[in-house]
Protein chains: 2
Amino acid sequence: MPLDERKKRILEAIIEEYNKTAEPVGSSKIASDYNLGFSSATIRNDMAALEEMGYLDKPHTSAGRVPSSKGYRFYVDTIMKEYQLTPREKALIDDNLKEDVLRFDELIKEASSILSRITNYASLVAGPQNDACSVEEIKLVKLGQDRLMIVLLADNGIIKESVVRYNGEISEENIQIFNSLLNYKFKGMNFKEVYDNINSNIQDELYNINNTVVPLVMELNHMLTEGDSEIYLDGTRNMLELPELKKETTLKNFLNIIETQDAIKELVKNGYNGNINVYIGQETAFEDLKDFTIITYKQVINDKEIGTIGVIGPKRMDYKKVIPVIKYIGDKVQEKIKQGGEEDGGKPGEQ
Amino acid sequence: MPLDERKKRILEAIIEEYNKTAEPVGSSKIASDYNLGFSSATIRNDMAALEEMGYLDKPHTSAGRVPSSKGYRFYVDTIMKEYQLTPREKALIDDNLKEDVLRFDELIKEASSILSRITNYASLVAGPQNDACSVEEIKLVKLGQDRLMIVLLADNGIIKESVVRYNGEISEENIQIFNSLLNYKFKGMNFKEVYDNINSNIQDELYNINNTVVPLVMELNHMLTEGDSEIYLDGTRNMLELPELKKETTLKNFLNIIETQDAIKELVKNGYNGNINVYIGQETAFEDLKDFTIITYKQVINDKEIGTIGVIGPKRMDYKKVIPVIKYIGDKVQEKIKQGGEEDGGKPGEQ
DNA sequence: GTTTAGCACTTGATTCGAAAGAGTGCTAAA
DNA sequence: TTTAGCACTCTTTCGAATCAAGTGCTAAAC
């Protein structure tokens, strides 16, 4: 049975009121403050019906109603009208993002930090899955007497670097050979392929040139696989102010979420490219997430996934505003990255 | 008036009991559980005296006593006998630190992580003050078409790297010239000196060679100054389990400490080189710290400061154990770094 | 002189029931 | 179909009474 117009309006009002106060909402509150033109009794009847249909929950008989996950879902998909950011708000974001950040990972972290400051929720950042990165270039740089820095440049602009120490001697010449060989073999391959191939494909060959190569290959393997599992969180402190986290169990759940990160990783992985993904409460199977909502936006440039930004907040989230904000910031990030790319010579005749 | 032996024993017992329970301690508890051979009445009298002298506080008339900062201070300086780590505990630390970490900053972070896991408090890491780092080598590495990675190697083993994008063209040859010039001018200077000199000393010279140099110099400046202000915290989640943080205001104070980091920075800066520094509650002027203790250990190798590790916990801290643990871990870190240095060729004839 | 038993006293914590408050669900009337 | 009205349910609040912990002091014992 579809919801009639009045029920929609009532559901909307309840959600807005609950989002403001975090307290169960009663029929008379709606009748008096949201002049819908119906008495509290009528609203009461509809609220009972909405509960029956699963859009509302009731903590106990004499309390008001609380939106359920299904209620929020309906609101987000059907009722809600996205808030239009004011020029002032846009400027605020633009100003904070204006510094020319050259590493995409840093840019994305910066964006995430703004996101948490503007929304007052926690924000998250995830790097791209490793099978979405291809090797553009590998550089080996000798540092001091016995260390080697490995720099890995991916086609999506991600840069990773790490340092290994070797025992014995490697000549500059050997390093050059290693370097050329690595680039020759792996350029254009995605990280996962390189990882799967590196041992069989190249280790022996390198080893014959100089047997100090083992730690180098190990470290390269490590670099190819790490980031996959790393989630960076910001603004988690904001969350501690929320009234819902005053409850011991909810607090524990939240700390679990940010400590284990399992749920976040899973959702990030499943998010659609270039789309806003909204996961409300128990829509996901993660028990700890039942009182929270996660919204993610996976950044994509030229079909290359470059990472995900997102927000973690209470189910009672200001969807109307958060969704446009995350969109705006995400789009801005992509814009900046593309700009960077264009200066690269992508627009010939401009330099 | 100095404390007689009995008062010392009573103070010690109170501290140990309070450390266990976080509840005010009564005279009869001490009499029954810590057989000192005196009745509760006697202990009661001494407790009143200890309070009078400022070693104990009393939350209210009908509660027991709680150690004051002065009480803890006396305990740490005079009464306490440091706990001897068991071989098992040492092995635990050794195992966790055994992986060969090649970047000192990473090594120190690793150590800090172990510290928080073993003590169950929060741990902190700070890089060295920048005037304690000297330039050993600067490397410029061309990445892709329009980016340059700057790698800064300090004599204390710290490595910093960053990436800049430039507009226009720089030939490999120009990069080599920049590189030699930077090393020629700045090798051996400490970061602060370089920072103070770089603009007057070299910018024009470089600029004449290639005018794309501006962002490079800006970024280098940034690298020379950052880290100074960065504190890395670990295990803050442990703290949330503490009963003292159940109190709203104490929780707020703690969150303030870890968010602003002002107090931590100040204490880290003032810590004595190569020494354990203990800051108990209101011994420092920082209001937020009044219920907490910070212990720091500044790592030094060959007079070169390489960073600080430390612990943040409640005033009611297991001093007897935490101090030896932080010492052991700190010393282990230095040992590892020195080993690394030796493999470097420091011990000729070994390779 | 020092230590201890004993007890009155203080004060926060706990318990309990009554009253208050909020909001529903149902009935009957508009 | 909507609404007024009211009984009913359940939680929250409040204050009084009781409880429990621990002190401080006095007077006796060592």
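**The contact between the chains**

Modeller: In this predicted model, the contact draws 34 residues from chain B and 32 residues from chain A. The area buried between chain B and chain A comes to about 3200 Å², and carbon and sulfur atoms give 57% of that area. Two salt bridges are found across the interface of chain B and chain A, and in one of these B:Arg237 pairs through its side chain with that of A:Glu259, at 2.8 Å from N to O. Between chain B and chain A there are also six residue pairs in polar contact, counted with both residues at pLDDT 80 or more. On the side of chain B that touches chain A, the elements giving two or more residues are strands S4 (135-143), S5 (147-154) and S6 (159-165), together with helices H10 (236-240), H11 (248-260) and H13 (319-346) of chain B. By class, that side of chain B holds 17 charged, eleven nonpolar and six polar residues.

Turning to DNA strand D, 22 residues lie around it, and those that come nearest are A:Thr42, A:Thr61, A:Ser62, B:Ser27 and B:Lys58. Of the atoms of DNA strand D that come within 4 Å of the protein, 73% belong to sugar and phosphate. A side-chain N or O atom of A:Arg6 is 2.9 Å from a phosphate oxygen of DNA strand D, and for B:Ser27 the corresponding distance to a phosphate oxygen is 2.8 Å, whereas B:Arg44 places a polar side-chain atom 3.1 Å from a base nitrogen. Helix H3 (40-53) of chain A and helix H3 (40-53) of chain B are the elements that give two or more residues to this surface.

Technical notes. Residues are numbered from 1 along each chain as its sequence is written. Chains are lettered from A and ligands numbered from 1 in the order in which they are written. This is a predicted model: local features need pLDDT of at least 70, side-chain atom pairs count only at pLDDT 80 or more; totals for chains, interfaces and linings use all residues. Side-chain values use heavy atoms; hydrogens and water are left out. Contact means heavy atoms within 4.5 Å. Buried area is the accessible area (1.4 Å probe) that two parts lose on being put together, summed over both. A salt bridge is a side-chain nitrogen of Lys or Arg within 4 Å of a carboxyl oxygen of Asp or Glu. A polar contact is a pair of N or O atoms within 3.5 Å; within protein, one must be able to donate a hydrogen and the other to accept it, and residues adjacent in sequence count only if both atoms are side-chain atoms. Helices (H or I, at least four residues) and strands (E, at least two) are DSSP runs, numbered from the N terminus. Ala, Val, Leu, Ile, Met, Phe, Trp, Tyr, Cys and Pro count as nonpolar, Asp, Glu, Lys and Arg as charged, and the others, Gly among them, as polar. A residue is near a molecule or strand if one of its heavy atoms lies within 4 Å of it.
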